[in-house]
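Work through the exercises below with the sequence and the structure open.

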Amino acid sequence: MIEAKNVIKKYGQVTALDDFTVDIPKGKIGILGPNGAGKSTFVKIALGLIESTSGEITVLGENLDKNSIEIRKKIGYMPEHDCIPNKMTGVEFLIEMGQVSGLDYQTATQRTHEILGHLRMGEEKYRLIEEYSGGMRQKIKLAQGLVHGPELMFLDEPTSGLDPNARQEMLETINGLAEISNTNVLLSTHILQDVETVCDYVIIINNGKLQIKENVKELVKRQTDTIQIRVGENSDEFISILKQNNNKRNIEITDRWIRIPYKNEESFKEIISAAASAKCQLYEMERIAMTMDNIYLEVVN
Amino acid sequence: MSTIIFEEVTKNYGRVQGISNVSLNIGPGVTGILGPNGAGKSTTMKVLLGLARPSIGSVYVDGVNPFDNFDLRNKIGFVPEYDCFYEHMSAVDYVSYFLMIHDFSKEEAVEKAENSLIELGLQDSMYRKIRTYSRGMRQKTKVARATAFNPQILVLDEPFQGADPTTRHLLMEKINSWSEEGKTILISSHILHDVEYLTDNIILINNGRVLASGNRHEIRKLMSNIPIQIKISPIDKNQLRPLVKRMLDEKWITAGRLLESEGEIILETNESEKFYTEFPQILEDEKIIVEKIVSDDDTLDSLYSKLVEGKQWK
Amino acid sequence: MKNDAKIADKFKDFKPNLSDRRNIILGMGLRGFEKLFSLKNKSILFLIGIVYLWTFAFYLLLGQDSYPCNTVSEELKTCTHLNFYGDLQYGGTRIFLVLIAAVASSGLIANDLTDKSIHLYLSRPISRIDYLIARIIPIFLLMLTITLIPNLVVFISQFSKSGLDVDFLSSNMWTLSNLILQAIFYSISYSIIGITFSAAINRESLASAGFFGTVYGVSLIVEIFYGLMSEMDIENSEYILLLSIIHFLDIISYKIFNVDYFVTIFGSPEVIEFPLSIIIGLYVLLFSSFILLVNYIISKMEVTK
């Protein structure tokens, strides 16, 4: 979907992208990295908004040097910061955006209402944007990127500042987009959880360089060698039985959970029989999976 | 050890509702305060900080009313949601300036400010102007200002907003260690995952009312009208079917589902305590080893959406 | 009907037919013009009304022989529109032209800059220059409605006065084309100035105040200074007139009609000559630097955000 070869971008003395090479597959891709790592520079170069100092970049099969304006017909962009006018109604603004992308008035209107329907905007779409809540503004921002039916959508921090329900809704919409209408999604975010729930692939950028590019499902399938347990009453007895069986291994105990190292399948058996004989409730037992947090911290630090 | 007590507190701003009839008892450790935008989280915090006087009811922080007890403000650190900087100052100037208001001498204030900023990993940039800071650095500076005088109570309003994962992780580790020191910490966040990582104790507010408060697992148990779903995955996948059959023999299992492709079964029960107590024994008797017993039902995500939608009353 | 049951897909594939850049820009421009002309903009409509009223008054004035134009040149047609734009002395439409340009152009880019929606426009399939052109079109069209149309009205009135004589048309062919050229020249110049102020001062009200103050205020001051200097017989004092954009544009517009430029200070018109090369050179320099400045301001925004 996007191929970058040895892309370098310098702002004066500062190097934002340093010999950056990546081949991003189709689907839903998460871009992670610390502030100033070069994420947004890369996104802007891929959008054709700024030019790279050197290197080659291909988006949706077209070379950006020749075609940086035409390519934007196939791309939608949702910036991070608030950037929608207050003195227009939601519908007015989206129709304008549709027309600026090249749709005719009637199609733009039809498409605007269709998208706002997906985003579950009701009658408030006819009100001025200045009256909108944060979640609604975010929806308008997403909708303006989608109105011309792009093949690729750049989302910059789409869930920042949203409350949990609005965030969930936003993530579901992004998921729906990619799966049903074949829009590819490039999601840049600080909330690693979002990448885990939405993305197929994740790339991590640090210091202007690509650190990893991995399949998310494979990544989080990786399990750690720790079993986390949560038990109810008689936990003292349970722990003492466990300790007898595990005298050589260290058991971590807090008032929220107990963690014991995973050796083999026997470990589970020991836990179950300890719970059975102590007659204590076994609320939870699971090998802790790798989370995006672990992977991110490992790569970046 | 500080405690915060709300006794049937209502706060109205003119005709606008802030919070309504809130009773809380917050002890040491981390407590997460959750709810949609405009639910009353910030009002709760303001009342606690003594920035707003309750319209009805009373608040006690360490036994005294925070609204007219200014000494209390030396015990409470507050991180507001919005930026509140003098942009031309450096972080050290900024933090020490506020410390001087807390009655520290200039030298002491600067020293404490530097220590606090270094602790939060700002040693390289703390003499630079705040104007040049990234979002994460700004959050750290705010946290440093709130904690440099070692307050016993910390109130953090969306402290992770806009911070990159590294900053987020560092702040969480700090919050955990402060909690272990016995500080009372109240934290609001829209990222439920972060709250879940920090604590099991939550307060859930919607429309100005406290919908639930306490340990999230206990809260889930109290919602007895919604059956609990438990995911179980045996190591030997051939035992999936026998296990479901066996479990359905028990009359307290109301439903069982087989997810062959995922190698899991899902059991539904209204008597979860009974299930959790007897299930290990059944596994022992049937000689089945399972590698996973979890309930997605009492994750904060699921609890939050159920409570906010009002499913606990249906 | 049994087999006709259907459940719609949640999302539908959307394969749009997107038009090319030219149509997008033209569409944006026309929509912007429509907005400027809409009933919501009462102040602009009011000013336009005044311009047209003045045209009508001017037409009546023309009917009388007391029109002061005769003293300057023998060709009535040529001088009429010059005085129609006129000085304060005779009460011209110029103050309204500048006012309309200032009020109408100030929001065009400033609003996009304040609410940052310019980022969204620039992520569309148009270039920065395309965007600028699209934003200049509305104000350009608006200026045409108050420069070209009144002039045409005057011209037609003269035509009808001549008894709809075809000879009048053929003998005044050049006047007509000059008239159109002059209107376009004024419109484009004021549009570019307006866009520059709109981009440089990114608050709508300040931008319009800045435009009017700088353009009209400076012209008054310059005129007074020129009056004083020529009283004192200072040499080359006429060059001070180049400091005022209004006077500068007038100089060129007089050139279009091939008439000697004159200023009326303290009652008596004075003819002033400037070398053509200096005037043209200065114009190109000034207005291309305006365009470059706007382009720079916008490109700067893209990098920082």
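**Exercise 1. State how much of chain C is buried, and describe its make-up.**

Step 1. Buried residues make up 50% of the 305 residues in chain C. Here buried means under 20% relative accessible area, exposed means over 50%, and partly exposed lies in between, with a 1.4 Å probe and protein chains only.

Step 2. The model is predicted: local features need pLDDT of at least 70, side-chain atom pairs count only at pLDDT 80 or more, and totals for chains, interfaces and linings use all residues. Residues are numbered from 1 along each chain as its sequence is written, chains are lettered from A and ligands numbered from 1 in the order in which they are written, and side-chain values use heavy atoms, with hydrogens and water left out.

Step 3. Chain C holds 11 helices and two strands. Helices (H or I, at least four residues) and strands (E, at least two) are DSSP runs, numbered from the N terminus. The order of elements in chain C, from the N terminus on, is α-α-α-α-α-α-α-α-α-α-β-β-α.

Step 4. Of the contacts in chain C between residues at least 6 apart in sequence, 73% join residues at least 24 apart. A contact means heavy atoms within 4.5 Å.

Step 5. Chain C has an accessible surface of about 15,200 Å², and 64% of that belongs to carbon and sulfur atoms. Such areas come from the Shrake-Rupley method with a 1.4 Å probe; for residues, only the protein chains shown count as cover.

**Exercise 2. Compare the span of helix 9 of chain C with the expected span, and list its buried residues.**

Step 1. Helix 9 of chain C covers residues 204–231, which is 28 residues.

Step 2. From first C-alpha to last, helix 9 of chain C reaches 40 Å, close to the 40 Å expected at 1.5 Å a residue. The expected span is 1.5 Å times one less than the number of residues.

Step 3. The buried residues of this helix are C:Ala207, C:Ser208, C:Gly210, C:Phe211, C:Val215, C:Tyr216, C:Ser219, C:Val222, C:Glu223, C:Tyr226, C:Gly227 and C:Ser230.

Step 4. After helix 9 of chain C comes C:Asp233, with a positive phi near 60°.

**Exercise 3. Is chain A a compact globule or more spread out?**

Step 1. Chain A contains 11 helices and 14 strands.

Step 2. Its radius of gyration is 24 Å, well over the 19 Å that the globule rule gives for 301 residues, so chain A is more spread out than a compact globule. The radius is taken over C-alpha atoms, and the rule is 2.2 Å times the number of residues to the power 0.38.

Step 3. Along the principal axes, the C-alpha atoms of chain A fill a box of roughly 75 × 50 × 30 Å.

Step 4. In chain A, 58% of the 301 residues count as buried.

Step 5. The 35 positive and 44 negative charges of chain A have mean positions 3 Å apart. Lys and Arg count as positive and Asp and Glu as negative, while His and the chain ends are not counted. Each charge is placed at NZ of Lys, CZ of Arg, CG of Asp or CD of Glu.

**Exercise 4. Where is A:Lys26, and which residues does it touch?**

Step 1. A:Lys26 sits in the loop between strand 2 (14–24) and strand 3 (28–32) of chain A.

Step 2. A:Lys26 counts as exposed because its relative accessibility is 57%.

Step 3. Leaving out residues up to four places away in sequence, A:Lys26 touches A:Met1 and A:Asn184.

Step 4. A:Lys26 and A:Ala178 are 152 residues apart in sequence, yet 9.9 Å apart in space, C-alpha to C-alpha.

**Exercise 5. Describe the setting of A:Asn6 and of B:Asn207.**

Step 1. A:Asn6 is in strand 1 (residues 2–11) of chain A. Although not a glycine, A:Asn6 has a positive phi of about 50°.

Step 2. With a relative accessible area of 39%, A:Asn6 is partly exposed.

Step 3. B:Asn207 lies in the loop between strand 8 (201–206) and strand 9 (209–215) of chain B. B:Asn207 is not a glycine either, and has a positive phi of about 50°.

Step 4. B:Asn207 is exposed, at a relative accessible area of 55%.

**Exercise 6. Identify what covers the buried residues of helix 2 of chain B.**

Step 1. Helix 2 of chain B spans residues 91–101, and its buried residues are B:Ala91, B:Val92, B:Tyr94, B:Val95, B:Ser96 and B:Leu99.

Step 2. Their cover includes helix 3 (106–119) and helix 4 (135–147) of chain B.

Step 3. B:Asp103 follows helix 2 of chain B and has a positive phi near 75°.
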